[in-house]
Amino acid sequence: MIIVMQKNASREAAEDVARRVEEQGLKPHLIFGEERTVVAVVGDDRQKDREVFESCPGVDKVVPILAEYKIASRETKQEPTVIQTHDLIMGNGHVGIIAGPCSVESETQILETAKAVKAAGARGLRGGAFKPRTSPYSFQGMKEEGLKLLALAREQTGLAVVTEVMTPHHVDLVAQYADVMQIGARNMQNYHLLQAVGECNKPVMLKRGASATMDEFLLAAEYILSQGNQQVILCERGIRTFETHTRFTLPLASVPYLKSKTHLPVVIDPSHGTGHANLVGPMCAASVAVRADGLIIEVHPDPSNAMSDGAQSLTFDAFEKTMIECRKIANAIGLTMDE
Ligand code: PEP
Ligand code: MN
């Protein structure tokens, strides 16, 4: 259930309600919105007496939540969540652009890419230092050395660093360098990892598992939120279907669907979603048209020699052209994109 406080209710009143929720053996999450404060009650509340809360001072109403995900649900929080770190802003009409190579490969590669993507409008720099590769014989990433290079690129450009964390053991290490902790598609249901990033104070970008339903995706987000970390970004990166002309199948209906169910920002990854560089630009444009809150795009100085995902990586030129097109669409429908 959620307990909606009256418009003028004090913070103390909400905290008092939260204490009573705890007394009932349930977990309260206080969410302070612009208009109102709500107390999301997590735990099995079916047997609990809602009337107890209805009569508390400052309470407007008590609403049962139908969706299994509670904190992620729009029923709990109507206004969109906006994620900001450095100059990267995603949500509520702002389209944040994250771009960079699949993997960090060298100092020159990451610095050159960071400067090029920033000049074209990106405010986040992606780059994997710990890489989840399908084959154990493929390049596994530069690990901490790669994280240090990402931090150097941030120092030189001001871009926010978005990078993947693959195991709970690395959460502290990656959080020392990253501004956004990426959870890869393969780990969407690694519940210990979700709980571990839920305990850190960095925004988390959760990628949809390749065979996850929307409910499973939102419940994975709920794992992070229920640990107290309210800064979650959902990333649609395509799903596995019978189709082989693209690497995955990229369902853009996920954007309006998710936005109807959750207040969390939704970003699209058209690189993994298509697997082919020539399809990435058009899918970026389409993502903006369906009001995605951001894009994460693979860009490489020399895609044909990339150590991972070269076939789906844009050149600097192609990225710049894509940004120009996306910005036109964004402006036409009242969204904001950085120059
Ligand atoms: C990546 O971002 O390089 C990546 C491995 O993505 P995903 O987890 O979506 O496959
Ligand atoms: Mn990749």
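**Reading a pocket, a metal site and the cysteines**

Student: By class, which residues does the lining of the largest pocket have?

Tutor: Sort the lining by class and you get five nonpolar, three polar and six charged residues. Keep in mind that this is a predicted model.

Student: How many residues line the largest pocket, and which lie nearest its centre?

Tutor: There are 14 of them, and Val4, Arg36, Val38, Thr76 and Gln78 lie nearest the centre. Two elements, β1 (2-5) and β4 (59-63), each give two or more residues to that lining. As for volume, the largest pocket comes to about 290 Å³.

Student: On to the metal. Which residues coordinate the manganese ion (ligand 2)?

Tutor: To read a metal site, look for N, O and S atoms within 2.8 Å of the metal. Here the manganese ion (ligand 2) has Cys102 (SG), His272 (NE2), Glu298 (OE) and Asp309 (OD), at 2.1 to 2.4 Å. Along the sequence, those donors follow the spacing C-x169-H-x25-E-x10-D.

Student: Where do histidine 272 and aspartate 309 lie?

Tutor: Histidine 272 is in helix α9 (residues 270-274), while aspartate 309 is in the loop between β14 (294-298) and α11 (316-332), so the pair ties together parts 37 residues apart in sequence.

Student: Are histidine 272 and aspartate 309 buried or exposed?

Tutor: Both are buried, and for that the relative accessible area has to be under 20%.

Student: And how many disulfides are there?

Tutor: A disulfide needs two cysteine sulfur atoms within 2.5 Å, and the count here is zero. Take cysteine 200: its nearest cysteine sulfur, from cysteine 235, is 17 Å away. Cysteine 200 is buried, at 12% relative accessible area. Cysteine 56 is buried too, at 4%.

Definitions and conventions. Residues are numbered from 1 along each chain as its sequence is written. Chains are lettered from A and ligands numbered from 1 in the order in which they are written. This is a predicted model: local features need pLDDT of at least 70, side-chain atom pairs count only at pLDDT 80 or more; totals for chains, interfaces and linings use all residues. Side-chain values use heavy atoms; hydrogens and water are left out. On a 1 Å grid over the protein atoms alone, a cavity is a set of points where a 1.4 Å probe fits but cannot get out, and a pocket is an open set with protein on both sides within 12 Å along at least five of seven lines; lining residues have an atom within 4 Å of a point. Grid points are joined across faces, edges and corners, and a volume is the space filled by probe spheres set on the points. Helices (H or I, at least four residues) and strands (E, at least two) are DSSP runs, numbered from the N terminus. Ala, Val, Leu, Ile, Met, Phe, Trp, Tyr, Cys and Pro count as nonpolar, Asp, Glu, Lys and Arg as charged, and the others, Gly among them, as polar. Buried means under 20% relative accessible area, exposed over 50%, partly exposed in between (1.4 Å probe, protein chains only). Donors are N, O and S atoms within 2.8 Å of the metal (3.2 Å for Na, K and Ca); water is not among the atoms, so sites may look incomplete.
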